[in-house]
Amino acid sequence: MEGAPNEMSTTFGVFCYGSLRPDDDSGMPWTKDAVLLMKAQPASISGAKLYEDTYASLVFDNCGDDDTCKRTSSIVIGWVLTCSDPALFQRKLE
């Protein structure tokens with residue numbers, strides 16, 4: 001193969017749920033800006049639950065080595081938002 005070898009790109013990502021999901025229809029003012037210029041893919045996390053407080057909070061189950069707990073754990077549905085621009089990703093986190 002001729003030329004310089006391809007460099008591996010770094011991708012930054014975050015799991016989003018609630019009003020940060022790109023399919024959210026709650027009308028929150030931050031949703032569109034949060035997903036703008038980001039790639040989005042549906043995702044889920046098992047062993048976690050959502051609780052409503054001032055904001056929606058994701059809390060992981062504390063199953064340890066308990067196989068029964070692991071089999072009956074809840075699943076949180078969300079999205080993974082990614083981008084390969086570290087400056088853009090940092091702005092999204094602020």
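1. Basis of the note. The model is predicted, so local features need pLDDT of at least 70 and side-chain atom pairs count only at pLDDT 80 or more, whereas totals for chains, interfaces and linings use all residues. Residues are numbered from 1 along each chain as its sequence is written, and side-chain values use heavy atoms, with hydrogens and water left out.

2. Overall make-up. The protein chain contains three helices and five strands. Here helices (H or I, at least four residues) and strands (E, at least two) are DSSP runs, numbered from the N terminus. Read from the N terminus on, the elements follow the order β-α-β-β-β-α-β-α.

3. Burial and surface. Of the 94 residues in the protein chain, 20% are buried. Buried means under 20% relative accessible area, exposed means over 50%, and partly exposed lies in between (1.4 Å probe, protein chains only). The chain exposes about 7,400 Å², and carbon and sulfur atoms supply 53% of this area. Accessible areas come from the Shrake-Rupley method with a 1.4 Å probe; for residues, only the protein chains shown count as cover.

4. The three-stranded sheet. Three strands form an open, antiparallel sheet in the order β1-β5-β2. Because β1 and β2 (39–46) stand at the edges with a single partner strand each, one side of each has no neighbour in the sheet. On average, neighbouring strands of this sheet are turned by 30° against each other, direction ignored. Axes are lines fitted to C-alpha atoms, for helices over the stretch in contact, and angles run from 0 to 180 degrees between N-to-C directions.

5. Five bridges link β1 with strand β5 (residues 75–83) in the antiparallel sense. Two strands count as paired if DSSP finds at least two bridges between them. Cys16 has Trp79 in β5 as its bridge partner. Helix α3 (residues 86–93) packs on the sheet and touches β1 and β5; its direction makes about 30° with that of β1. Contact means heavy atoms within 4.5 Å.

6. The hairpin. Strand β3 (residues 48–52) and strand β4 (residues 56–60) are also paired in the antiparallel sense, over five bridges. A hairpin of three residues joins β3 to β4. Leu50 has Leu58 in β4 as its bridge partner, and Lys49 stands opposite Val59 in β4.

7. Arg21 and Val35. Arg21 lies in the loop between β1 and α1, while Val35 belongs to helix α1. Why do Arg21 and Val35 count as buried? Arg21 counts as buried because its relative accessibility is 19%, and Val35 does so because its relative accessibility is 18%. Leaving aside residues up to four places away in sequence, Arg21 touches Cys16, Thr31, Val35, Ile77, Gly78 and Trp79.

8. A nonpolar surface patch. Leu20, Met28 and Trp30 form a nonpolar patch on the surface, with about 260 Å² of accessible area together. Patches are made of residues with over 30% relative accessible area and no salt bridge; like charges are joined within 9 Å, and nonpolar side chains (Val, Leu, Ile, Met, Phe, Trp, Tyr) within 5 Å. A salt bridge is a side-chain nitrogen of Lys or Arg within 4 Å of a carboxyl oxygen of Asp or Glu. Trp30 is partly exposed, with a relative accessible area of 38%.
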